[in-house]
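Please read these notes with the model open beside you, and take the points in order.

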Amino acid sequence: MTALGTIGAFIGSNALSLLAALVVEAFLGYPDRLHRRIPHPVVWVGRLIDRLDKAWNRGSALMQRWSGIGTLLILIALPAAIGLALEFALTCWLGMALLIVIATTGLAQRSLYLHVREVLIPLKKGNVIQARKALSMIVGRDTDDLDEQAIAAAATESLAESFCDGIVAPAFWFLVAGLPGLFVFKAISTADSQIGHLDERYRHFGWAAARADDVMNFVPARIAGCLICVAAPGGWRIMLRDARKHLSPNAGWSEAAMAGALAVQMGGGATYEGGWIARQTLGDGRRPETADLTVALGIYIRACLLLWAMVGALIWVL
């Protein structure tokens with residue numbers, strides 16, 4: 001078999017496992033009863049990052065920068081080693097079934113849908129206080145003073161951005177690198193959310209994690225934006241026009257695509273930990289409202305199904 005054929009066979013095998021994992025995760029997710037007994041793997045990674053932060057994030061700016069690079073190397077080497085060990089061990093049919101179950105822990109189709117729905121339900125009832133509480137679980141911005149429209153806008157933006165971070169990107173890295181790729185991506189993504197900030201504490205220590213997250217999301221972000229555009233006609237023009245306006249090199253693709261699909265304006269400034277961060281707007285027209293969040297969830301479901309179809313097509317081709 002040629003090298004190209006070997007790569008094709010590897011990706012084809014991963015695609016079959018990925019499709020199974022996507023379907024299983026969509027229906028089962030990571031049940032709360034299981035989480036109470038065995039915390040989600042992301043929790044373990046978060047605890048490791050927290051310990052490294054407390055132990056290493058000190059000294060001069062240069063020392064913090066190198067400590068952050070060391071942290072990143074650990075977050076690459078350790079998950080990759082665990083992923084390789086599991087793939088080496090799980091080879092029989094029962095092992096493959098277990099591998100698929102393990103892979104579901106890196107995907108967030110169901111949990112993202114449920115978290116956004118938890119914002120939508122009280123919004124429809126006019127319960128702004130409960131909607132703020134639910135929103136605080138999925139966004140980093142301050143939510144205490146947000147009104148109904150601002151809550152709907154923030155939830156819509158988070159849904160669009162997390163479609164890449166929580167579904168398309170982990171699926172992409174599992175496809176091209178198996179469990180090691182999936183585990184490394186989730187570790188770096190978690191690190192970015194915890195320490196990849198521009199505040200005084202993490203400006204230098206979190207620099208490496210933030211840059212690594214940008215690199216790993218580069219291709220998936222553009223795939224995610226295209227999937228949203230296919231799921232809801234109208235997003236292409238705004239995505240191509242506005243995606244690069246976002247402060248992130250990647251988040252703008254899915255957010256701009258969703259803004260175009262809904263014919264609304266997203267983005268704009270927001271308050272994070274008491275500090276105002278100026279951001280450009282994406283899209284045209286009015287701001288998202290509660291009804292738009294309902295439509296956005298429908299677009300999200302269709303985009304997830306399109307991802308399934310894309311993976312299925314890879315299986316058929318390879």
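Why does T143 count as buried?

1. T143 counts as buried because its relative accessibility is 7%, where buried means under 20% relative accessible area, exposed over 50% and partly exposed in between, computed with a 1.4 Å probe on protein chains only. This residue lies in the loop between helix 7 (128–135) and helix 8, and, leaving aside neighbours within four places in sequence, T143 is in contact (heavy atoms within 4.5 Å) with R132, L135 and S136.

2. Please keep in mind that this is a predicted model, in which local features need pLDDT of at least 70 and side-chain atom pairs count only at pLDDT 80 or more, while totals for chains, interfaces and linings use all residues. Residues are numbered from 1 along each chain as its sequence is written, and side-chain values use heavy atoms, with hydrogens and water left out.

3. Helix 4 covers residues 61–89, and its end C-alpha atoms are 42 Å apart, which agrees with the 42 Å that its 29 residues should span at 1.5 Å a residue; the expected span is 1.5 Å times one less than the number of residues. Helices here are DSSP runs of H or I with at least four residues, numbered from the N terminus. Among the buried residues of helix 4 are Q64, G68, L72 and P79, and what covers its buried residues includes helix 3 (41–56), helix 8 (148–195) and helix 9 (207–231).

4. The structure holds zero disulfides, a disulfide being a pair of cysteine sulfur atoms within 2.5 Å. The sulfur of C164, a buried residue at 3%, is 11 Å from the closest cysteine sulfur, in C226, which is too far for a bond.

Methods: Helices (H or I, at least four residues) and strands (E, at least two) are DSSP runs, numbered from the N terminus.
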